[in-house]
Amino acid sequence: MTKPPILSIAPHISDPAEPADFPKADIRFRNDRWAEQVGLGGLSDADWAAHFARFDPLPGNLEVPLALRYHGHQFHNYNPDLGDGRGFLFAQVQDQTGRWLDLGTKGSGQTRWSRQGDGRLTLKGGVREILASAYLEAFGVKTSKAFSLIETGEPLHRNDEPSPTRSSVLVRLSHSHLRFGSFQRFAFLEDRDGLAALVQHCAETYFPGCVDADTATMTARLFEAMMRETARMIGQWMPCGFVHGVMNTDNFNITGETFDFGPWRFLDKSDPNFVAAYFDHQGLYRFGRQPAQGLWALQQLGGALTVLAPAEALSEALGGFEAVYQAAFAAHTHALLGVEPTGALDDDIGLVQALFSWLTDSQANWAGTFYDWFGGAAGLARVQASPRAALYSGEGFDAFGERLLARTPERPERLNHAYFQQAGPVSLVIDEVEALWAPIAEADDWSGFERVMAQIEAARGAYDIGFEA
């Protein structure tokens, strides 16, 4: 097996970490679909627990877990005392295309960056991340994936939920564990050589088209690639009604995947001012501000990279954010509606604006509207049979409806999938998520969770969006 590429730069960006010794290891979730894709599908439950609860090294992989160092802007305040405080990079694996993917943990114990934290994760927090990441993946959003969740048998005390509560350790699979804050740290320390080595590593490992003998050129190319991936990700969030909650610069990874799930929410009804995090008192990361916050985070990354590349070249790269974001927003809205875009961006954005305006004015159910109108004109019979059918009439709706019905349905045979024969879609609004947790907490009843995960998997098969995973 090829050595994990992180080893070439590990001494500059990480510290060895020691996993916690947990009292028990009850497997609550294993992502067998992705395990097959990275060559780990044949693990027995005993081997799974050994690797993802005790963190015995995978053969030929990292011998010691690595807790990464980084800085970051947290609610726009710079913090130079960050790092993996309750997680680490456990292994790097390759999928069937040869692409490198990271197995990173959450709740695996204290590291040198834990500060006053216990390094643990609540079982509820792990369940929430499984649900959100599976849902986003099913609906075509580029995201890290929950790979494993193991209950660890320690009672935890938390201020934001009834305590003591149950504990777990999560392993997530992502294209990269590296963050915007990894670059910010080198710039803050005025470590030009370290920053250049990080740029070289990221270009060679994740964006080979950016590699160049000239460091300034390579840096500008890499920044533009990261900008594009970030703008595309946020453009995918918006039609899904996803609110990340904490868009600090240490919560953006370099490959544009939804990463570091915290107090996430999905909209029930359109509200540009909806805030997911109870501690976001100013609404800095509210739903409607997510594109602006993504741009702001990229500006901070660009500022760090001025150590290596001219500000003018970085500014030019950043100037493409709005166009990439709008194109992704329009494309993903059409994908979720099951219709083909026209290819004329102004016209496609016009449909998006008409839809969002109507959603806000009508306060119609967000997920239900997308579900009812999937397939456009090909699904009119479903619309008429929907319990929400009375909403879809009148002058306010017509501005969107006329545009939608003029679109060509894309693969309308998908409407024959069993998922589209239900009265409504799978949904993860907060009340529904809490309703899934209650039986687990009270009676160790996982049936509701398993039912919703089956619905999410059905949605993935039904939509078959096919964007990059």
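Over the ring of which residue does the charged end of Arg-382 sit? The charged end of Arg-382 sits over the ring of Tyr-371, 4.7 Å from the ring's centre. Here, a charge sits over a ring if NZ of Lys or CZ of Arg is within 6 Å of the ring centre and within 35 degrees of the ring normal.

Welcome to this structure, which is a predicted model: local features need pLDDT of at least 70, side-chain atom pairs count only at pLDDT 80 or more, and totals for chains, interfaces and linings use all residues. Residues are numbered from 1 along each chain as its sequence is written, and side-chain values use heavy atoms, with hydrogens and water left out.

**Aromatic rings**

- The whole structure holds 38 aromatic pairs; rings of Phe, Tyr and Trp (its six-membered ring) pair if their centres lie within 6.5 Å, and planes under 30 degrees apart count as stacked, over 60 as edge-to-face and the rest as tilted.
- Tyr-135 and Phe-266 make a tilted pair, with 4.6 Å from centre to centre and 55 degrees between the planes.
- Tyr-135 belongs to helix α4 (residues 123-138) and Phe-266 to strand β11 (residues 265-266), so their pair ties together parts that are 131 residues apart in sequence. Helices (H or I, at least four residues) and strands (E, at least two) are DSSP runs, numbered from the N terminus.
- Tyr-135 and Phe-266 are both buried, where buried means under 20% relative accessible area, exposed over 50%, and partly exposed in between (1.4 Å probe, protein chains only).
- Phe-287 and Trp-366 form an edge-to-face pair, 5.8 Å centre to centre with 85 degrees between the planes.
- That pair links distant parts of the chain, 79 residues apart: Phe-287 is in the loop between β11 and α8 (290-305), and Trp-366 is in helix α12 (residues 366-372).
- Phe-287 is buried at a relative accessible area of 4%, and Trp-366 is buried too, at 2%.
- One aromatic cluster has Tyr-135, Phe-266, Trp-264 and Tyr-371 among its members.
- Trp-264 also has a charge over its ring: the charged end of Arg-128 sits 4.5 Å from the ring centre.

**Helix α9**

- In helix α9 (residues 311-318), the buried residues are Leu-314, Ala-317 and Leu-318.
- Seen down the axis of α9, these buried residues fall within an arc of 100 degrees, so they line one face of the helix; the arc is that of the directions from the helix axis to the C-beta atoms.
- Glu-312 and Glu-316 are exposed on the other side of α9.
- The cover over the buried residues of α9 includes α7 (215-240), α8 and α10 (321-337).

**Strands β5 and β6**

- Five of the six residues of strand β5 (residues 89-94) are buried, so the rest of the structure largely encloses this strand.
- β5 pairs with strand β6 (residues 100-106) in the antiparallel sense over five bridges; two strands pair if DSSP finds at least two bridges between them.
- Val-93 has Leu-101 in β6 as its bridge partner.
- The hairpin of β5 and β6 has five residues between the strands, and Gly-98 takes a positive phi near 90 degrees there.

**Cysteines**

- Zero disulfides turn up in the whole structure; a disulfide is a pair of cysteine sulfur atoms within 2.5 Å.
- The sulfur of Cys-202 is too far for a bond, because the closest cysteine sulfur, in Cys-210, is 10 Å away.
- Cys-202 is buried at 0% relative accessible area, and Cys-210 is buried at 8%.

Notes:
Contact = heavy atoms within 4.5 Å.
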